[in-house]
Amino acid sequence: MSGKVILVIMDGVGYDTAVSQCGYLQSAVSLGIARRWKMVTATPSISGPMYETIHTGLWPYEHGITCNHAMRSSEKDNVFSVARAAGRATAAVAHSYFHKLYAGEAWDPLRSVEHCNENGDLQYGRFYSMEGYGRANAVAPAEIDLCAQTIRLIEDHQPDYLLLHTCAADTLGHTFGGDSAEYRAQAMMIDGALARVLPVWRAAGYEVMITADHGMSAEGAHGGTSSVETEVPFYYFGDGDVSTEDGRLNQLQLAASLLARLGVDPARGMRPAFMNKAAGQ
């Protein structure tokens, strides 16, 4: 492989939900095209802290993003900053929280939905806010529309690291609960969109990792330590070797693993990678 990686974060999609609802991903595992593990998240299992944990390899009390109300620019070495320091190109299609963390600019709801700063850590982006979501209106972008934006970023900028973050399953889980038909159906919608775009990504030379920041309780909550909140899927389409002692992966090792597949050494303080460095890198 060429040392190019796409990470998909299916916000709020727990392990059991992915296994039961994501038929395309599961078929890829059955056919040996992909591999799947159970990944255990850090805590508190809340979106903002987990976004930073995924990209820094640090616990929330170490990186300082401890709740969604504490969102600010990342102050730690992260996948975007380390990749850029090594000369790699970066991009994201994601919620505005990622703009606040990694774009290096204040979020402007009227101007920041399209982002281009070739000198920044996160160079190219397409962002959404979901401002005001609730039971009356999920305010969720279509999964296929988000996937389509990744294709445009690939064709225009050829990023080495590309993040796709989809939030709709989390929104519907909060609204209707983690055992609801609405929540499960949205997980299937993500799977269906990936079925259409993932072959395009692979043909473009990308390894693909698919996971979640946290799961979702039947009550429509997360943030605690229960298995339904802290056990998430990790699917891998690529050639790297994965090392695990008990069959489970640790979310805190994902940052270093992403960098390894980019052919970049991790930052000091990141937990060791569970994946080997890309061949030839």
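Guide: Let us start with one cut-off: a residue is buried under 20% relative accessible area, exposed over 50%, and partly exposed in between. Please keep in mind that this is a predicted model.

Visitor: Then why does Trp59 count as partly exposed?
Guide: Trp59 has 27% relative accessibility. That value falls between the limits of 20% and 50%, so Trp59 counts as partly exposed.

Visitor: And what makes Tyr61 buried or exposed?
Guide: Its relative accessibility is 64%. Exposed means over 50%, so Tyr61 counts as exposed.

Visitor: What makes Trp59 and Tyr61 an aromatic pair, and why is the pair called stacked?
Guide: Two values decide it. Ring centres have to lie within 6.5 Å, and those of Trp59 and Tyr61 are 6.3 Å apart. Stacked needs planes under 30 degrees apart, and here the angle is 10°, so the pair is stacked.

Visitor: Why is the pair of Phe234 and Phe274 called edge-to-face?
Guide: The centres of these two rings are 5.5 Å apart, which is within the 6.5 Å limit. Their planes stand at 80°, and over 60 counts as edge-to-face, so that is the name for the pair of Phe234 and Phe274.

Visitor: What makes it a link between distant parts of the chain?
Guide: Phe234 belongs to strand β8 (residues 231-237), while Phe274 is in the segment after α11 (254-262), and the two are 40 residues apart.

Visitor: How do you know whether Phe234 and Phe274 are buried or exposed?
Guide: Phe234 has 0% relative accessibility, and Phe274 has a relative accessible area of 2%. Both values are under 20%, so Phe234 and Phe274 are buried.

Visitor: How many aromatic pairs are there in the whole structure?
Guide: A search finds 9. There is also one aromatic cluster, made up of Tyr51, Phe80, Tyr97, Phe98, Tyr102 and Tyr161.

Visitor: What makes Lys38 a charge over the ring of Tyr15?
Guide: The charged end of Lys38 is 4.8 Å from the centre of that ring. The distance limit is 6 Å, and the charged end also sits over the ring of Tyr15, so the name applies.

Visitor: Why is α11 described as largely enclosed by the rest of the structure?
Guide: Because 9 of the 9 residues of α11 are buried. Among them are Leu254, Leu258 and Arg261. Just after α11, Gly263 has a positive phi of about 80°.

Visitor: What makes α3 mostly covered?
Guide: In α3, 10 of its 10 residues are buried, including Tyr51, Glu52 and His55.

Visitor: What makes up the lining of the largest pocket?
Guide: The largest pocket has a volume of about 290 Å³. Of its 18 lining residues, Asn68, His95, Tyr97, Tyr133 and Cys167 are the closest to the centre. By class, the lining has 6 nonpolar, 8 polar and 4 charged residues. α3 (47-56), α6 (96-102) and α8 (168-176) each supply at least two residues of the lining.

Visitor: How do you know that the radius of gyration agrees with a compact globule?
Guide: For 281 residues, a compact globule would have a radius of gyration near 19 Å, and the protein chain has 17 Å, which agrees. Buried residues make up 56% of the chain, and its secondary structure comes to 11 helices and 9 strands.

Notes: Residues are numbered from 1 along each chain as its sequence is written. This is a predicted model: local features need pLDDT of at least 70, side-chain atom pairs count only at pLDDT 80 or more; totals for chains, interfaces and linings use all residues. Side-chain values use heavy atoms; hydrogens and water are left out. On a 1 Å grid over the protein atoms alone, a cavity is a set of points where a 1.4 Å probe fits but cannot get out, and a pocket is an open set with protein on both sides within 12 Å along at least five of seven lines; lining residues have an atom within 4 Å of a point. Grid points are joined across faces, edges and corners, and a volume is the space filled by probe spheres set on the points. Helices (H or I, at least four residues) and strands (E, at least two) are DSSP runs, numbered from the N terminus. Ala, Val, Leu, Ile, Met, Phe, Trp, Tyr, Cys and Pro count as nonpolar, Asp, Glu, Lys and Arg as charged, and the others, Gly among them, as polar. Rings of Phe, Tyr and Trp (its six-membered ring) pair if their centres lie within 6.5 Å; planes under 30 degrees apart count as stacked, over 60 as edge-to-face and the rest as tilted. Buried means under 20% relative accessible area, exposed over 50%, partly exposed in between (1.4 Å probe, protein chains only). A charge sits over a ring if NZ of Lys or CZ of Arg is within 6 Å of the ring centre and within 35 degrees of the ring normal. The radius of gyration is taken over C-alpha atoms; the globule rule is 2.2 Å times the number of residues to the power 0.38.
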